[in-house]
Every structure is written in C-alpha cells, then in structure tokens.
Amino acid sequence: MVGYSEISAIRLGYGLGPGITAPASAAELIAEIAASAPDSRSISMEQIEALRLEYVDIVRKTRESGGADRSAIQAARKKSTLMARVADQTRLARAVGGGVGFGERLVQFWADHFTVTGGSNAFNAAMASALVEEAIRPHLTGSFADMMYAAETHPRMLTYLNQVRSFGPHSVAARKRPDKNLGLNENLAREMIELHSLGVDADYTQKDVRQLAKLLTGLTYNFRDQRRFRPTMAEPGPETVLGHSYGVSRWGSIRDVRAVIEDLARHPATANHIARKLAVHFVADDPPQNLVERLAVIFRETEGNLSALYDELARAPELTGHFRAKVRQPFDFVVAALRAVGVGHDEIMALPPQQLIARVIRPMTAMGQKWQMPRGPDGWPEAAEAWATPQGLAARIDWSTRQLPKLVGPLPDPRKMLQDCLADTASEPLAWAVPKAETALEGLGVVLGSADFNRR
Amino acid sequence: MLSRRAFIKSTALLGCSAAAHPLLSTIAFAEAPGENRLVVIILRGAMDGMDAFQPYGDPNLRKLRRKLSLGPDQGALDLDGFFALHPDMAGLMPLWQAGELAFAPAVSTPYRDKRSHFDGQDMLEAGTGTDLNLIQQRDGWLNRLLQNMPGVQSETAYSVGLEDMKILDGPAPAKSWAPQTRFRLGAQGQRLLQHVWHDDPLFRAAGEQAIEIVSSGVGTVKEEGGPTRDARALARFSADRLNGATRIATFSISGWDSHANQGRVIGRAMNRLSDAILTLRDGLGKNWQRTTVLAMTEFGRTVRENGSGGTDHGTGGAMLMAGGALRGRRAYGGWPGLAEQDLYADRDLMPLRDIRAYAAWALHDLFAVSRDVLEQSVFPQLDMGDNPRFLA
C-alpha cells in the first residue's frame, strides 16, 4: 500500500532522498507551495535590460574606436552568459532542495504550459527564465487569468511568438511606411487560443484567430522602451473574438488586451483544457475522466482559482489508483536522481556554472529534453512512450553512471539509496537485484535505470 | 521471448560471460523484404513550399510576396522555367540535374481550417486524415505498412533521433535510436536491469533494445562539426542501417515555423534538409539507386507574406522527393495558381492532391503493397487516384 508521504513526494513532488521528510497529508503538502513564491533569487527583466544596455553600449564604443580591441565585448558577453546560467542554476537548485517540491513541480507545469524557448543567445535564455520568475511564480496560487495575462504580455512571450513585429494593417505605423509592408502576425493570437486557453478541440475559427491578432496589435516589447503597448502599431476599430466585441477605443489599448485575456481565461473550454492538462501531467497520460470533470467544475466555479485546483488534486484518490502511471521527464528524473543521492540546494548552487552545464544541463539533451528548447510552443510531450525510448533510457543510465558520481562525494550504498528514494514502493525484482550489483556504481545504475524510479 | 522463469535463471548465473547471455549476443540481421529503401523525413513546423520551390512563373507571386520567394533574380536556382529552387537548397541542384530530385508543389493532408502544427503533424504521421479523434489515432502509417509487409522484423524499420516518431508507432516491430547516444554499463549491471525491467513492458522493450543496439556495435556515428551536424548524423546513421537489413528509416528536421524573418529561419532548416539528403546519398553508395526519400510537412503557409517578413499557417504545401529510384527533374501534380479566386479560404494555396496519395504510390511501387491494403489499412479512406509514376 502506497502511503500519502510517498504519493506527495513521488507523484506530486520531485522524489524522496536522505533527510527529506514528506508531508503525510494534503494540507501539509499544500502549505509547501508558498515556498515557491518569487524571492531574492529570482532573475528580473530589470537586471537583464540593464546588462543588455551595457552590452549594446560596449559594442557601440568598440565600433567607434575602430573595433580592434574586442576584449570588452567578450567580457560583456561572458557576463550575460553567466547571468543566464545562474538563473538556470537557481531554478535547478530550487527543485532539488526545499521540501518535496510540489510548488516547484507546479512552476514547471505552468512554465511548460506557457512555453517559451531560450532561443539563440544569453539574453533570450535569461528572459525565458525571467518569464518563470515574473509571470509564473507570483501567480502560482492566484487566478489563472492573472497568470495568463502576465505570461502573454511578458517580453519573452512577445519576442518568441513574434508579437513585437505585428502591426495593424491600418495602424498609424503601417500607413506611414507603406513601402515596409507592415502587417499582422498571427502567431501569438493562435497559440493564446489553441494552447494557452481554449485548446485546439474547442469551438473557434480562423476568423477568431485573425480578429484576436488584430486586437493584440500594439502589444509589443523593446528593451530600450518600458512601454508594453504602442498605439501607433494598433489596428483601429473594434474586433470580435468568440462573439464578444473589443476595442471600442479608437486606437486600441492595453485594456482591450486585458479584457480579452480575462474572457479567454474564464471560458468554459479553458476550464476543460486546464483540468485535463493538470490530470495528464500529475496523474495519467490517459487521465481518469471523473477527476478531469471535478477539476473543470472547480475551475469554472472559482473562475480559475489555482489554489482550489491544487487542493482537489492533492486530495484526489486517483493519485493512489494510478501510482507509477507517469514517466518522469528528463528534468524530473535528473532532479529526483540528485535528491536520491543526497545532493541538495546548496551543493547545486556551489557548482561552478560551466560544471553545471556539462554535468547536468547538457546531458538532458541526449535524454530528449534539451534545456529551455522544446521543439514548439506546445512544450514537452507527456506520453510515457515519448520518454521511455531506447535512446532516452540509455542516456539516463549513461548519465547516472558517468556524470552523477562526479556530483556527489562517496557513492551511497545502493541498498540504502534504494530505501532513501523509493521507501517501501520498490518492487520485488528491484529489491532483489540491487544487492547483487558488483559495485556501488552499478547498483546506482540499476536503481536509477529501473522503471520504479523512472515512473511516478 | 524468454519466459519469466528462464529469465530469472539466467540472471542468477552471475558468473557467466556477457557473450554467453542470449540477449547480449550480436543481433541477427534476418532476411530483409526486398532491396528497395524508403526514407521519410518529417519537416516539423510547416515548410513554406512556395519558398522552397518558388513559382516565379506565376504572375501573381510578386503581388503576394515582396521580400520572399523572389525567384532567380534574387539567387534562386531555376528548375524548369516556372519554378526555382530556394538558394539555401542549392546543394541539391546536382540531384535535380541527375533526375534524382522532384517535388509536388500543391499537396496537403485532409486537415483544414484550424492549422495547428501539432494536430497537423499528428494527422500527417497517423496517415488517417479522417475526423477521428486524434487521441485514437495511435498508430503511424509506416507502422501499419509494416503490419502488411511479409518478412518484417525489428531491423526492417528504424526511427532515428531523440524524438518519438509517431509515424512508426504501433504494434509492428521497429527500432529507434539516436546517433549521439552513449551507453556503458557492465554485463552484470545490464543483466540486473533486464531483470528489473521485466514486468514493465514499456521499459523492458526500450531497455532491451538499447542493450541490443549497443552490443551490436551500432552505437554512435561520428560526423564533422558545423551547423548541420545533427541532421547529417541522423542521415549517416540511417544510411548505415539501410546498408544493412533496414529498409525503412524515418527522422525529423524541425525549424520551419517562419512567422517572421523567414529567410533566416528556414534558410537554416533548408541547409539541414539538403545536407541530410546529400549525406544519405553519400552514405548509401550504390544503394542510393534503390532509395526513395520523401520529405513531408504538416501543411503549407499563407500565400501572402505577413507584416514581419514571414508567413502564417496555411493549407497547401510542397512535398519533396529525392533518391536514385526517382523519375525526377520535374514537378508533379500541376499548379493551382495564385489568382484570388484560386486560393483556399482567400489566404492559402489550394491543395491539388492528398499528400498521402504520393506516399501510397511510393509504397505500392517500392514494396508491392496492394492498392486495397493501402486504401483500407495503411491510409484508411484514401482514394489513391492515378499513379503519378514518380519512381523510375
């Protein structure tokens, strides 16, 4: 019989390890989420923009002076890379250490729901981290509408989904420069409906996407400019999205953006979509319909109060009924493995960043989850089959036996480690096999390569 | 398959050598069904077919696109006086000259109107194209093909890369591997893991396959550095397998979702695609003559350029075919035109043919799969129409 502490740690958190005490009740588990609020460790757009202005300034000065000495540019580039890496390190450290990590799991869930990528440079990578700190963490226990608004208007979302280059075809800016062929970009509007709120199966049309794209024009970002809305880019006149009319003001306004997001966030289809996603992520790839319906009802009745959803989820009997139905994604696996061998928050923060990259972040690519780089805005797949592939499993075992040992002191006795990370949930074959390993390293590989450990 | 009992017995023989263990012996490359080879490349993100194969002979193109698809005037390579090849795929020109490259400029799956990448890709890989709930469309069409091919064993088909390729998902045996995977574990550790995976079908299958592939020495491939390295590694690994018992390989190349800065975005993806095809040709040697490559994408893009030097999600798109087995150097299936009344939903290229019909005729001609099986099982409800005869 699986007890609540195993449910809370393994299914809802990042797993057990030496010295980790798991909550024995849903109330205790829920109380833990508060620890995932933003704090002094959180990276901000303010920091990123300050560094970026400094960088641009250095590049300009170097160019003006003939550009012979590039050392200042290199130093500035290093500084921005370090900033992005420290943000990654902080995120990983918060997951590895600090309770059982239900809050951090939720952070990960919402970060994936509002996917952005790290992109090709350190500033984009840092901005992707900033979205998590500025849009997800502050609203983790609040309302879905607030989180959605914060995510959709975050600079990284606006750059990732090309909103910064979307102009109303009849906007002042487009009419001033007819030679430039400035016009709409549908990307953000489409994903806002298809992925972030209603879901692709809902009842909407290409026309709704197009109208929303028009309504969103004006919403933009430039690192030199604090304004998020530039009326000169906005399409004038009202737009009708899903039967509601917006944009009564003549030149568009951020209030219209707020209003349409509020409505999308409270749409009944959104309740179903989010309820299903939560159940898929935390319970089963093919989720129990009853749970999905309960969550959807709560979403509708509370107008998207996220705490109420977590409360229902944490108490759901389906968590026990579907134990080990899910396969840990590579990030979850790596975090759980670090916890299993006793690596905590401080040990992760003490690693030189390049070591963190080489030993933890980069190996996730071979497991199929390149850090901050999902292949599209739909984020990472959930299905067990997507992760338990020959190449993915081989990469997990390879990392466990080649990289993980370099991150801990003496390797733990595999028999103790088995007890530390799986408690009484280890299967009979695993309990049989582990003591027969010839070396501690092999024992570690057997535990971390087992289905028991890779499922939750 | 070993029985549970025999398995425990074998894992209990802790002193025995790795070579003596039945699951660690070199895999037998059984007789393969025929000599023809098929490579399916899924282009994720919806390639703009009108930019890849620019219909510069269509007088309406210039009205719709001002920065993109500018034809031979801006470096594209003329193909037939009407279409021109995007300059970032210039590496493929020798194939065109040799009759080993062709394309169908206006095709699509039956997917319409919502234009979601993810549903579009699922439908492309499932090959069903019906209104069936996508969650129910678990098997990919390559897997259903295998189910209808005699002599199929696990080496017959490979999906290559880190991604789960739904196109090959299903009950028929197939393998998957990524060329960059490293895996070292002692013989004892392997045996113990096989024991602990035994009761979990998913992990047992994946784990045993991993051990089998590594023990067979297939492991990793080395590919010179550079921006297209990953794509070349996928192609190199595929070619290695296809030179052995494998007859069908599939992998994907992403990076085609060009809402802005299209030239830069898909230029890189085109480099990867063309280098992958050239690597396949080099790696396959004389087997290239028996090989057909189909590069397919989930849908096309808007015919009009958008306001940010890109295009949005559309309907009709292009399919690329390559290989020594091809009757190439031509565009198949006609051109619908770009006049306003010819567009789909006033924004997209009108697809002239179901992309599955080309795939189906390829399977028909390569593997002698009957039309009945193709229209009923592999691609349910498809009408294949006339054979476009794009294979020599």
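**Reading a pocket and an interface**

Reader: Let's start with the second largest pocket: how do the residues of its lining divide into nonpolar, polar and charged?

Author: Into 5 nonpolar, 6 polar and 9 charged. Bear in mind that this is a predicted model.

Reader: And how do I read a pocket as a space?

Author: Rolling a probe the size of a water molecule over the atoms shows where empty space is left. Here, the second largest pocket holds about 530 Å³ of space. Its lining is made of 20 residues, with A:Leu184, A:Arg210, B:Arg304, B:Glu305 and B:Asn306 nearest the centre.

Reader: Which helices supply at least two residues of that lining?

Author: Helix 11 of chain A and helix 3 (61–64) of chain B. Helix 11 of chain A gives the most, with 3 residues.

Reader: Now the contact between the chains. What area is buried between chain A and chain B?

Author: The size of an interface is often given as the accessible area lost when the parts come together. For chain A and chain B that's about 4800 Å², with 57% of it from carbon and sulfur atoms. Chain A puts 60 residues into the contact and chain B 54 residues.

Reader: How many salt bridges and polar pairs are there between chain A and chain B?

Author: You'll find 3 salt bridges, one of them pairing B:Glu163 with A:Arg375, whose closest N and O atoms are 3.2 Å apart. There are also 23 residue pairs in polar contact.

Reader: Which elements give two or more residues to chain A's side?

Author: Several helices, including helix 10 (187–196), helix 11 (206–216) and helix 22 (390–402) of chain A. Helix 22 of chain A gives the most, with 9 residues. By type, that side of chain A has 25 nonpolar, 15 polar and 20 charged residues.

Note on methods:
Residues are numbered from 1 along each chain as its sequence is written. Chains are lettered from A and ligands numbered from 1 in the order in which they are written. This is a predicted model: local features need pLDDT of at least 70, side-chain atom pairs count only at pLDDT 80 or more; totals for chains, interfaces and linings use all residues. Side-chain values use heavy atoms; hydrogens and water are left out. Contact means heavy atoms within 4.5 Å. Buried area is the accessible area (1.4 Å probe) that two parts lose on being put together, summed over both. A salt bridge is a side-chain nitrogen of Lys or Arg within 4 Å of a carboxyl oxygen of Asp or Glu. A polar contact is a pair of N or O atoms within 3.5 Å; within protein, one must be able to donate a hydrogen and the other to accept it, and residues adjacent in sequence count only if both atoms are side-chain atoms. Helices (H or I, at least four residues) and strands (E, at least two) are DSSP runs, numbered from the N terminus. Ala, Val, Leu, Ile, Met, Phe, Trp, Tyr, Cys and Pro count as nonpolar, Asp, Glu, Lys and Arg as charged, and the others, Gly among them, as polar. On a 1 Å grid over the protein atoms alone, a cavity is a set of points where a 1.4 Å probe fits but cannot get out, and a pocket is an open set with protein on both sides within 12 Å along at least five of seven lines; lining residues have an atom within 4 Å of a point. Grid points are joined across faces, edges and corners, and a volume is the space filled by probe spheres set on the points.
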